[in-house]
Amino acid sequence: MNPTDTILLIAVALLFLYGFYDQFIMDCWKGKTHLKVRLKNRGRLDTVIFIVLIGVLVYQSGINPITLYLLIMLGILCGYMAFLRTPVLLLKDNGLFFANLYIPYTRISAINLSEDGVLVIDLNNGKRLLVYVIDLDDLPKILQFFFFFFWKHRHATTKYGIDKLQNDT
C-alpha cells in the first residue's frame, strides 16, 4: 500500500467515524436530548465539485485497484454527508450541539431572531452562531425551550444563590 492509499484509507475511516458520531453518539452524549431540530444544509456545491474531481480521478486510466475503491468509497461518503444527512441542532440539559460541537448554555450571552427566520445565538467570546432551520415552525419551539431553560436557572440562582448555579455547570 502506497502513501496515497494510506491517506485515502485514513480519510475514509475518519469520514465513517464522523458519520457514526453524527448519527448515533451525539444524540446520546451529554444527557437527554430535549429538542432536535433539523437545519438547512449549506455546503452542497463544494461537495459536488469534490465528487466531480474524484470522478475525474476514477475515470483516469492507470489507477491501482485499491486506490480506485478507496476513491469511490470517499465519493460515496461525501455524497452521503452532503445529500442524505441533514445537520441538526440538539438542545440538551446543560448545553446544545451545533455544527457537531457542544456549547454549554453558560457561554450564551444573547439570543435573537432575525426578520428572515434566522436564529442568532451570541456567545460570551463575541462569536455568533447563525441557525438556519428548515421548518420555520421549529423556531417557536427553540425559543420556548430557551425561555424555560433560562427561567429555570434564574429561579435556581434566586433560590440557592449564584454559587449553586456555577457549580452545577
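1. Some ground rules. Residues are numbered from 1 along each chain as its sequence is written, and side-chain values use heavy atoms, without hydrogens and water. In this predicted model, local features need pLDDT of at least 70 and side-chain atom pairs count only at pLDDT 80 or more, while totals for chains, interfaces and linings use all residues.

2. The largest pocket holds about 330 Å³ of space. (A pocket is an open set of points on a 1 Å grid over the protein atoms alone where a 1.4 Å probe fits, with protein on both sides within 12 Å along at least five of seven lines; lining residues have an atom within 4 Å of a point.) Its lining has 20 residues, and K40, N41, R42, R85 and P87 lie nearest the centre.

3. Helices α1 (3–28) and α3 (65–84) and strand β7 (128–132) each bring at least two residues to that lining. (Helices are DSSP runs of H or I with at least four residues, strands runs of E with at least two.) By class, 13 lining residues are nonpolar, four polar and three charged.

4. V48 sits in α2 and is partly exposed, at 36% relative accessible area. F145, in helix α4 (residues 138–160), counts as buried at 17%. (Buried means under 20%, exposed over 50%, partly exposed in between, with a 1.4 Å probe and protein chains only.)

Terms used: Grid points are joined across faces, edges and corners, and a volume is the space filled by probe spheres set on the points. Ala, Val, Leu, Ile, Met, Phe, Trp, Tyr, Cys and Pro count as nonpolar, Asp, Glu, Lys and Arg as charged, and the others, Gly among them, as polar.
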